[in-house]
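I opened the model to look up the fold of one chain and its contact with the other. My entries follow.

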Amino acid sequence: MIRILIIFFLTVGTIPQTDEDNEKVIARQGKVSFFSYTSVEDIKAENNQVLSVIDLDKKEIAVRMLMNAFIFEKALMREHFNESYLETDIYPEAVFEGKIMDFDSTIVGEQTRIVKGVFTMHGNSEELEIKTKILKEADNYIVSGVFETLVKDYNINIPPLLAGNIAKSISVEFRFEYEPYED
Amino acid sequence: MVKNSSFSYMIFFVFSALFCLGCQRLTNEDLSSIEPKKLYSTENLISTLQSNTEYDSEEVIAVTGIVHEINTINKRITILLKADKAQEQFVICDMNSSQTTTIKTIKKGDSILIKGLLKGILKDVILLNCVIVKDK
């Protein structure tokens, strides 16, 4: 009987973990804001329903957002963003998939890590490395950071007349509050 | 030639601005007086958006559901409506700022009817600029 039990536990112990077994956390209301500063005008927008999941075992992070859910101060800015620049009816989502380098999910408190991954927006993919602050409190995590990205990398066509209104480099800020998640 | 090109751009933007003024306005406007295009249950809304790539995006819709959570993440008032069957999927309603007082009368477990601007679905359905029509 003892032999059977030993064989059973050894067998169970060697079964590879599937994705479903991995410990994950989810943020359903992540915030992503972007800022464009020029001498002509400042443009700010925020999306407060960004979805993100972290696989704590694999140290992988995935982010998805609806591009038409950004809120602007002015309706005309939003219209240009959706209709002319990002063409959100053709490219409704932006996606980031990456890995949190040297991430230790057991550390309670703050750790700063580099997240390496690919950001796809407007049909164009760019490799990004983002310095990220990760705060763990009990079973919850808060992930936040700021990075700069270039408009030209995403094949966004800005008419010459409006080129002066939009910065070449856009500042992006993010904050996600994660809670335990069972897929 | 350059002048013609600039003039064309100006005309284009003036017309597109006028054309879109109606739908863009809805992002910040109080939707209380706007008739919703369709009425859904939370369950129906989630399943409709999951199975169809074509849906009433950017339209005002009404949805009934049970309040799963009321939170102020990102300093915004948000109500999560749950369906009876799909426990892990919700309708996320980002509330209009005019709803601050009304929201105080709502609590977890209440059955309510909400109107909002449909944006789409990720894992959950997303509605912006929501107003509570009634609590049952």
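I took helices (H or I, at least four residues) and strands (E, at least two) as DSSP runs, numbered from the N terminus. On that basis I listed three helices and six strands for chain B, in the sequence order α-β-α-β-β-β-α-β-β.

I noted that this is a predicted model, in which local features need pLDDT of at least 70 and side-chain atom pairs count only at pLDDT 80 or more, while totals for chains, interfaces and linings use all residues. Residues are numbered from 1 along each chain as its sequence is written, chains are lettered from A in the order in which they are written, and side-chain values use heavy atoms, with hydrogens and water left out.

I looked up burial (under 20% relative accessible area, 1.4 Å probe, protein chains only). Of the 136 residues in chain B, 45% are buried.

Next I turned to the interface. Counting contacts as heavy atoms within 4.5 Å, I found 31 residues from chain A and 31 residues from chain B taking part. Buried area is the accessible area (1.4 Å probe) that two parts lose on being put together, summed over both. For chain A and chain B this comes to about 2,700 Å², with 57% on carbon and sulfur atoms. On the chain A side, Arg28(A), Gln29(A) and Gln49(A) lose the most area, together 26% of what that side buries.

I then checked salt bridges (a side-chain nitrogen of Lys or Arg within 4 Å of a carboxyl oxygen of Asp or Glu). The rule gives four across the interface. I recorded Arg78(A) with Glu58(B), whose closest N and O atoms are 3.2 Å apart. In chain A, α2(A) gives the most to the side that touches chain B, with seven residues.

Terms used:
Buried < 20%, exposed > 50% of the residue type's maximum accessible area, 1.4 Å probe, protein only.
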